[in-house]
Amino acid sequence: MTNQQSLCASPGMLAELAVFFKMLSEPVRLRLLSSICTEGEATVGELVERLQIQQSVASKHLKLLFESGFVGKKPDKGRTLYFLPDDTLCDLCGLAAEKIMSRATYYRELLDGAAPRSEGV
């Protein structure tokens, strides 16, 4: 999809896109997704340990992520493993993180008085 195509999305598609990004707007959900991206599938308990969050918080957000199709779950020896169905979210979050780092570098260079190497926006 080209940039022009993505900007010409229908109003209905843009509304769905807003819902999609709203799911990614919660830091706990991003932490859960990041953990699964980097460390692989896990149970609620394993994610609680990895992220040092309450089990009720992890369960609540994993339920939302599952219902939205962001994560999948499968039984494994009497427990439930959460996983990412594909790498799309990992890739998307990686691109967003790169953009944030690029902007941070740009503004840091401005604050330091150096001529910035690239545009930050």
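**A pocket, a disulfide and a core**

The model is predicted: local features need pLDDT of at least 70, side-chain atom pairs count only at pLDDT 80 or more, and totals for chains, interfaces and linings use all residues. Residues are numbered from 1 along each chain as its sequence is written, and side-chain values use heavy atoms, with hydrogens and water left out.

H3 and H6 each supply at least two lining residues. The largest share, six residues, comes from H6. By type, the lining divides into ten nonpolar, three polar and no charged residues. Ala, Val, Leu, Ile, Met, Phe, Trp, Tyr, Cys and Pro count as nonpolar, Asp, Glu, Lys and Arg as charged, and the others, Gly among them, as polar.

The chain as a whole has six helices and two strands. Helices (H or I, at least four residues) and strands (E, at least two) are DSSP runs, numbered from the N terminus. Along the sequence the pattern is α-α-α-α-α-β-β-α. Of the 121 residues, 24% count as buried. Buried means under 20% relative accessible area, exposed over 50%, and partly exposed in between (1.4 Å probe, protein chains only). Contacts are heavy atoms within 4.5 Å. Among those with a separation of 6 or more, 42% join residues 24 or more positions apart.

Now the cysteines. A disulfide is a covalent bond between the sulfur atoms of two cysteines. The rule used here asks for a pair of cysteine sulfur atoms within 2.5 Å. By this rule the count is one disulfide. It joins Cys37 to Cys90, with S to S at 1.9 Å. Cys37 lies in helix H3 (residues 27-39) and Cys90 in helix H6 (residues 88-111), so the pair ties together parts that are 53 residues apart in sequence. The torsion about the S-S bond of Cys37 and Cys90 is about -105°, so this disulfide is left-handed. Cys37 is partly exposed, at 29% relative accessibility.

Cys93 is partly exposed, at 29% relative accessibility.

Next, the core. The largest nonpolar core has 20 residues, and Leu32, Leu33, Leu65, Phe70 and Val71 have the most contacts inside it. H3, helix H4 (44-51) and H5 each supply at least two residues of this core. A nonpolar core is a set of buried Ala, Val, Leu, Ile, Met, Phe, Trp, Tyr and Cys residues joined through side-chain atoms within 4.5 Å. Take Leu65. Leaving aside its neighbours within four places in sequence, Leu65 is in contact with Met23, Arg29, Leu32, Leu33, Phe70 and Val71.

His61 is in helix H5 (residues 55-67). His61 is buried, at 6% relative accessibility. Beyond its neighbours within four places in sequence, His61 is in contact with Glu26, Val28, Arg29 and Leu32. Ala58 is buried, with a relative accessible area of 0%. Setting aside neighbours within four places in sequence, Ala58 is in contact with Leu32, Val44, Val48 and Ile53. Ala58 and Val44 are 14 residues apart in sequence, and 6.6 Å apart in space, C-alpha to C-alpha.

Last, two loops. Gln52 lies in the loop between H4 and H5. Gln52 has a positive phi of about 55°, although it is not a glycine. Gln52 is exposed, with a relative accessible area of 65%. Lys77 lies in the loop between strand E1 (72-76) and strand E2 (79-83). Lys77 has a positive phi of about 50° and is not a glycine either. Lys77 is exposed, at 81% relative accessibility.
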